[in-house]
Amino acid sequence: MKRKQIAGMNQNYRQYSYEYFLESMQIAGYESVELWLGAPHVWVDSKGWNQAKEIAGKTRRAGLEIVSVTTPSGGAFQYQYSAQESFHRKRSIAYFQNGVRMTAEVGAPVMTVNSGWGYWTDKEGQAFEKSVEILGAVCRTAEQEGITIALESLTGKESLIGYRIDQIDRLIKAVNSPALKVMVDLDAIWYSGEPAQKWFDCFGEDLVHYHFQDGDRTVPSDGHYVWGDGEFCLEKEVQCLERNGYRGILTQEICNSMDPRADEIRNMQVLESFLED
């Protein structure tokens, strides 16, 4: 692995300033970051966005590169990729499209997305159709902006329609956009029983992005650990990357840390022995 491939993420620094996050990245030895477009660091909604040039400048002056962006979605947020109601769907599309535009403005080549989930009482096809509609609109904006959209799998505890390889493959074919590619989150794929090699076997070079952290096969939502704190084998995961010639970003999506700076330092110390440079 190259050091440039290893990206830190500001999601776990929501109760710290963006400057503190950047300083933590410098201290830990990162060169790349994945920018999580959530407050208080960044403001994006269905009406617009701000701070893009300011955030990009601060990051660049810290000697770091924004290599990817996550525009948040989830149960705690208003927006998701399989919104059912027309008003919800319209606002979600506008929000994620603004995320794409901000991704372009900060100079990152990739924005991560997911399938959305639908109501548990829905039929799978109903949620799937809405996801195709929303992802299609987002991808059309990405095509115009020159951004790659990396589709992340979820888990069966989160989604009806986006937690297995066959579901992600079906979504990508239905959206039918050259901008839409694949990403994996180690916690999600191990929980679903489909390790990374199966994803490479299916998608090959279209697998372009990773959330690459330690975890637990039984508690994906509470996983996303520092390497060495979970049950995944780092050596085997690195061997899989090398075997498949993977050269994309490996975002360290470490969550729920009480001391993110200390954990970031500890995490990079584990990864150091696998870095080529």
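Residues 24 or more positions apart account for 78% of the contacts in the protein with a separation of 6 or more. Contact here means heavy atoms within 4.5 Å. This is a predicted model, in which local features need pLDDT of at least 70, side-chain atom pairs count only at pLDDT 80 or more, and totals for chains, interfaces and linings use all residues. Residues are numbered from 1 along each chain as its sequence is written, and side-chain values use heavy atoms, with hydrogens and water left out.

**Overall build**

- The protein contains 9 helices and 10 strands. Both are DSSP runs numbered from the N terminus: helices are H or I with at least four residues, strands are E with at least two.
- A compact globule of 277 residues would have a radius of gyration near 19 Å, and the protein's 17 Å agrees with that. The radius is taken over C-alpha atoms, and the globule rule is 2.2 Å times the number of residues to the power 0.38.
- The C-alpha trace spans about 45 × 40 × 30 Å along its principal axes.

**Surface and charge**

- Of the 277 residues, 58% count as buried. Buried means under 20% relative accessible area, exposed means over 50%, and partly exposed lies in between (1.4 Å probe, protein chains only).
- The protein exposes about 11,800 Å², and carbon and sulfur atoms supply 48% of this area. Accessible areas come from the Shrake-Rupley method with a 1.4 Å probe; for residues, only the protein chains shown count as cover.
- There are 28 positive and 40 negative side chains. Lys and Arg count as positive, Asp and Glu as negative; His and the chain ends are not counted.
- The centres of the two charge sets lie 6 Å apart. Each charge is placed at NZ of Lys, CZ of Arg, CG of Asp or CD of Glu.

**Strand β5 and its partners**

- β5 runs parallel to strand β2 (residues 32-36), joined by 5 bridges. Two strands pair if DSSP finds at least two bridges between them.
- Serine 32 stands opposite glutamate 65 in β5.
- β5 also pairs with strand β6 (residues 110-114), in the parallel sense, over 2 bridges. Here valine 69 has methionine 111 in β6 as its bridge partner.

**Strand β9 and its partners**

- Strand β9 (residues 207-211) is mostly covered, with 4 of its 5 residues buried.
- Strand β8 (residues 180-185) pairs with β9 in the parallel sense over 4 bridges. Valine 182 stands opposite leucine 207 in β9.
- β9 pairs with strand β10 (residues 249-251) too, again in the parallel sense, over 3 bridges. The bridge partner of histidine 211 is threonine 251 in β10.

**Two buried residues**

- Serine 159 sits in the loop between β7 (148-152) and α5 (165-175). Serine 159 is buried, at 1% relative accessible area.
- Leaving aside neighbours within four places in sequence, serine 159 is in contact with Ser115, Gly116, Trp117, Trp120 and Leu154.
- Serine 159 and asparagine 114 are 45 residues apart along the chain, and their C-alpha atoms are separated by 9.7 Å.
- Asparagine 267 belongs to helix α9 (residues 260-271). Asparagine 267 counts as buried, at 0% relative accessibility.
- Not counting residues up to four places away in sequence, asparagine 267 touches Tyr30, Val226, Trp227, Gln252 and Ile254.
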